Amino acid sequence: MGNKKTIVSASVLFFLGTYAFAQEKKDTVKTGNVEEVVILGSRSGARSKTDSPVPVDVFNIKESSIVLPQTNISQILNAVAPSFTSTIQTNADGTDHLDPAQLRGLGPDQVLVLVNGKRRHTSALVNVNGSPGRGSVGTDLNAIPSFAINRIEVLRDGASAQYGSDAIAGVINLGLKKDTGKLTGQLTYGGNLTPTANDHTGDFDGQNIQVDLNYGNKIGKKGGFYNVTWTSQFRNPTYRAGTESGAIFNAYNAIEKRALNDGVNLSSLFANINSTPNSQQLINYIHQYAQGVDYFTQTFQNQIQGANTISALQGILNQDVTNQELDYRGLTRKDYNMQVGQSKLNNHQLFANVEVPINDNWKVYTFGGYSYRSGTSGGFYRRPNQSRTFTGLYSNGYLPQIGTDIQDLSLSAGIKGNWDGWNVDFSNTFGQNSFDYNIKNTGNTSLRFASPNEFRAGGLQFSQNTINLDIAKKYDVWSGINIAFGAEHRYENFKITAGEEASYATYDVNGNVWNNTTQRPTDFFGNALAGGSQVFAGFRPENAVDKNRQSVAGYADIELNFTDWLLVDAAARYENYSDFGSTFNYKLASRIKLANNLNFRFAGSTGFRAPSIHQIYYNVTSTLYTNGQLREVGTFSNDSKIAEDFGIPKLKQETSKSASVGFTYKIPAANLTFTADGYFTRIDDRIVLTDQFTGFLVNALGVNGAQFFANSIDTETKGLDVVITHNARFSDVKLDNNFAINLNETRKVGGTHTSPKLESLGLENTFFSERSRVFLEEAVPRVKASLSHGLAWKNASFYVRNTYFGNVTGADIIDANGDGIVLPNEHQTITDKIITDVSVAYQFTKNIGFTLGVNNLFDIYPTENLPASSNNNQFIYSRSTSQFGQNGRYVFSRININF
């Protein structure tokens, strides 16, 4: 609470001080008459932010890229926009390679992303792991180079009636650069300089090199242009694990190692330990090589020598000998750490923006790009004492890696102009995102010696094509009327491609695919050896899908300026989907000018989010870490027979009702602007991923758990956004100050929409679990605030930003207060923190500049996990919450060029 008071008090004092100073020195301050304008949220064209009937933030990315430590869109917005949350994930499979983004505490799939005002396609990835946004399908903002962006507009209001599905929380519009006649570029190098680097041994990790180039030029003499951006990023991983504290080696592993050293591989003597014809030979070898383990006590040696059957040896050789065996092998516990932290990433992006006038009234345009991202992240260590590890090949175990190849393609083309007083825009926008898995440094344990160490595990692909016709006209009636209407057709396709056989299959002792009747290979202790590539089993042929759907929509929008002080905006939209039916939504917004510089605004709307085609058809079997255990969990598609048997109903759209009310106030003499907006959003039939059903319900499915997508709950979100901006000019000095705070709370309301069958079995709390509730309500900060200052003096620029991240809650159910009792809703609280960023830039010539800066200057980390959530001291910090990440202090330098 002290941190909250500090940041709010400092902000109030600062802005009051600048106001007083401006009153005294107003004759020396150069005040600009041009106010920042917004396009998003209205079909009538640009208007000032304070005159908009709905709240819109505008961030000038082109200017701020000089000083900001962050270099991708998600992390930039997480730093500068309090209503936006996105952090780098760890040990969450494919989610490690893109950052789920949330607006106003709602889901990643409840915010719509536009590029140049056109709908952007979503990612192919479905987030099924234990991280914020679980079960959602978001837009991969990092597939677009931030250096191609001129500015970002964030509409913080429900807008489904204007823009269609997904715009429940709001809309983000990325405006591309249109610069001509110059080449600009940046070379950025940075990394994490922190004592916790390299698994808390210190020094430097997470090195990041990024090259950005942008060039534009004119086409013809009537305003045509092209602008092209290229970005390449090379990011190293960070390592934030502690020291592995669990059991690693058992006595059998020690004996096996002594035999290997003598050229004898004990695993070659049996395939299934329960039917070993040469069992006496194996017993003799164990007796022989046990004598070479010098730290076995004489008593233990006597027990081994006296055990003359396999079952007798199994009963005593499971003894933990980790510390002694590590010493013998010259290893340490840190050698068995997971790779916890940001993943390794190579990212290459090309983006273009082109406009060509045909005549004085019409122009054609196109924009889009291609990106290729390859990433590598670590899974859970396969230790020698586990049946998941075939020690005949990996006597020391291994750390499997998930490799991803992410390709993203987008192209929008259209024609716009004026036809008899009507503004017409006709366009086609295509987008495709693919996610292919290559699992490395791993094995299919059931294949034993025949296992490869790398597998093509299949992939996901999502394609979307959108055709838009938008028509608008202004009438000089009253103080202006704008009428707009249009239509949209959208086609979507979702594919799952199967991996190679060895990536998903389980094999029998003869090396053939197991048919549920033949004998499976085991480890020495009789545990069946798992099939599929360890850490991520490939998609099976029965998982493969190629599904599509279509939707058509029509909308109408009218904006009435009855007088200069009263504006009313009304919109309605009808949309029909081929898979679940139709929906009708509307919106009413108004702005009342109470005084020259004081506006009151309010809005109310209904909205919807169609179930993503991924959520309907996605199905896979994955290894998931849940409540301290690794489980093979099947995610079954909504249209499957299994979902039907569980009583899971067909997915339908989420529906919403939103309301907002606020005011804007300007003090021109001080160049101060205040905005405050309260909001409320009710969402019915919200789609979530259920928890894992276990036991007799799934015994016949070949998995440890089963989960489904379902319209499970209703939620209410309420909150407040406050934004204060100030700028001033004092001779050669330019000063910009910004304060913003977002307060939000999301709560499940009413009962869970459990299927009758599962409700009769008392499984309502599995349909929507306590863990899922935390992801929904408490995994992202309910309070987030930022205070930033930018000072430019001649050729130098200085930038300071403090960002406050409120409390979040860990999803694990543990004994958080240490009283020895674990309550069903007891969780650890991850406390609030303030992160400070500082940077200094200097322009040496008109062509060359240099920036030096630090993100997280004071090396702040989240609250450490309690031991029960740390997975043997591997997850020092929570991986199931979203605050500011766990990488610590990041220092960077940047060369800026402009020719």
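Reply: Y437 has a relative accessible area of 4%, so Y437 is buried. Buried means under 20% relative accessible area, exposed over 50%, and partly exposed in between (1.4 Å probe, protein chains only). This is a predicted model: local features need pLDDT of at least 70, side-chain atom pairs count only at pLDDT 80 or more, and totals for chains, interfaces and linings use all residues. Residues are numbered from 1 along each chain as its sequence is written, and side-chain values use heavy atoms, with hydrogens and water left out.

Me: How many aromatic pairs does the structure hold?

Reply: A pair of aromatic rings is described by the distance of the centres and the angle of the planes. Rings of Phe, Tyr and Trp (its six-membered ring) pair if their centres lie within 6.5 Å; planes under 30 degrees apart count as stacked, over 60 as edge-to-face and the rest as tilted. The structure holds 33 such pairs. Take Y437 and F539: the centres are 6.2 Å apart and the planes at 55°, so this pair is tilted. Y437 is in strand β16 (residues 422-440), while F539 is in the loop between α11 (501-504) and β19 (545-563), 102 residues apart. Helices (H or I, at least four residues) and strands (E, at least two) are DSSP runs, numbered from the N terminus.

Me: Is F539 buried or exposed?

Reply: F539 is buried, at 0% relative accessibility. Now a second pair. W478 and F562 have ring centres 4.9 Å apart and planes at 45°, so they are tilted. W478 is exposed at 54%. F562 is partly exposed at 30%.

Me: Where does the charged end of R104 sit?

Reply: A charge sits over a ring if NZ of Lys or CZ of Arg is within 6 Å of the ring centre and within 35 degrees of the ring normal. The charged end of R104 sits over the ring of Y679, 3.6 Å from its centre. R520 does likewise over W514, at 4.7 Å.

Me: What does the side chain of D859 make a polar contact with?

Reply: A polar contact is a pair of N or O atoms within 3.5 Å; within protein, one must be able to donate a hydrogen and the other to accept it, and residues adjacent in sequence count only if both atoms are side-chain atoms. The D859 side chain makes one with the side chain of T194, at 2.9 Å. D859 is buried, at 15%.
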